[in-house]
Amino acid sequence: MIKVAPSILSADFGNLQRDVEEICNAGCDLVHVDVMDGHFVPNLTIGPVVVSSVAKCATKPLDIHLMVENNTFFVELFAPLKPEYISFHIEEEKHPHRLIQKIRSYGIKPAIVLNPHTPPESIEYLLEDLDMVLLMSVNPGFGGQSFIESVLPKAKKLNEMRNKLNPNCLIEVDGGVSDKNIRSLKAVGVDVVVAGSYVFKHEDKKAAIESLQV
Ligand code: DX5
Ligand code: ZN
């Protein structure tokens, strides 16, 4: 069954504890946290002060998605919060192998994110060291954008690669995910989906999350 990681970027930040507890009680699998620095992407979100409050009220593990320029600095900032995953963008990292080892040294599962234009072949030699690959299905920076269809053949290719090189490595897709595309994502081997606006705009969060756990 597909695992669902609601993105708190679409939560009401004035009622963050309420919203985090609501998605956890509604049966989500992970809590997706978008960290943006205003440099790698044209938006700015939250740092470790706010995320530590999220970690306290979340009863599901955190999935931290870094969209930043200085990955190592941010990994060190967030590692003490003990998320399940920290993912960083391959487009912004000169020494991905070193950073993977650093994340793992904290007991955290390392993941790499690919922007819509970045081919899966770019991480072929890193796949065996990863716990997850996150494919962006929108341009990173904002919630509520439309799903870029070319992620489907890309996930299919990545699925073939990981089955050969590291079957334990999960495939996650982030951006524009809804009940309209979840079956197509399942069909190409996706294991985890991030969903921000789709989950948070629903009155019934449990029904929204269950509609993606196919
Ligand atoms: C975009 C973020 C996503 C975003 C997804 O940069 O990485 O996690 O919150 O939001 P939706 O599901 O609304 O596209
Ligand atoms: Zn994200």
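**Before you start.** The model is predicted: local features need pLDDT of at least 70, side-chain atom pairs count only at pLDDT 80 or more, and totals for chains, interfaces and linings use all residues. Residues are numbered from 1 along each chain as its sequence is written, chains are lettered from A and ligands numbered from 1 in the order in which they are written, and side-chain values use heavy atoms, without hydrogens or water.

**Whole chain.** Show the cartoon. Eight helices and eight strands make up the secondary structure; helices (H or I, at least four residues) and strands (E, at least two) are DSSP runs, numbered from the N terminus. The C-alpha atoms fill a box of roughly 40 × 35 × 30 Å along the principal axes. Of the 214 residues, 53% count as buried. Buried means under 20% relative accessible area, exposed over 50%, and partly exposed in between (1.4 Å probe, protein chains only). Contacts are heavy atoms within 4.5 Å. Among contacts with a separation of 6 or more, 64% join residues 24 or more positions apart.

**Zinc site.** Select ligand 2, the zinc ion. Which protein atoms are its donors? They are H32 (NE2), D34 (OD), H65 (ND1) and D174 (OD), at 2.1 to 2.3 Å. Donors are N, O and S atoms within 2.8 Å of the metal (3.2 Å for Na, K and Ca); water is not among the atoms, so sites may look incomplete. The site has six donor atoms, with angles of 69 to 169°, and is octahedral. That label needs opposite donors over 155 degrees apart and all others between 65 and 115. Along the chain the spacing reads H-x1-D-x30-H-x108-D. D34 sits in strand β2 (residues 31–36) and H65 in strand β3 (residues 62–67), so this pair ties together parts 31 residues apart in sequence. Both D34 and H65 are buried.

**Aromatic pair.** Select F73 and F74. A search of the whole structure finds one aromatic pair. F73 and F74 form it edge-to-face, 5.3 Å centre to centre, with 90° between the planes. Rings of Phe, Tyr and Trp (its six-membered ring) pair if their centres lie within 6.5 Å; planes under 30 degrees apart are stacked, over 60 edge-to-face, the rest tilted. F73 is partly exposed at 44%, whereas F74 is buried at 16%.

**Last stop.** Select E128. Its loop runs between β5 (109–114) and β6 (132–136). Is E128 buried or exposed? E128 is exposed, with a relative accessible area of 61%. Leaving aside neighbours within four places in sequence, E128 is in contact with L165 and N166.

Technical notes: Tetrahedral: all angles 85-135°; square planar, octahedral: opposite > 155°, others 65-115°.
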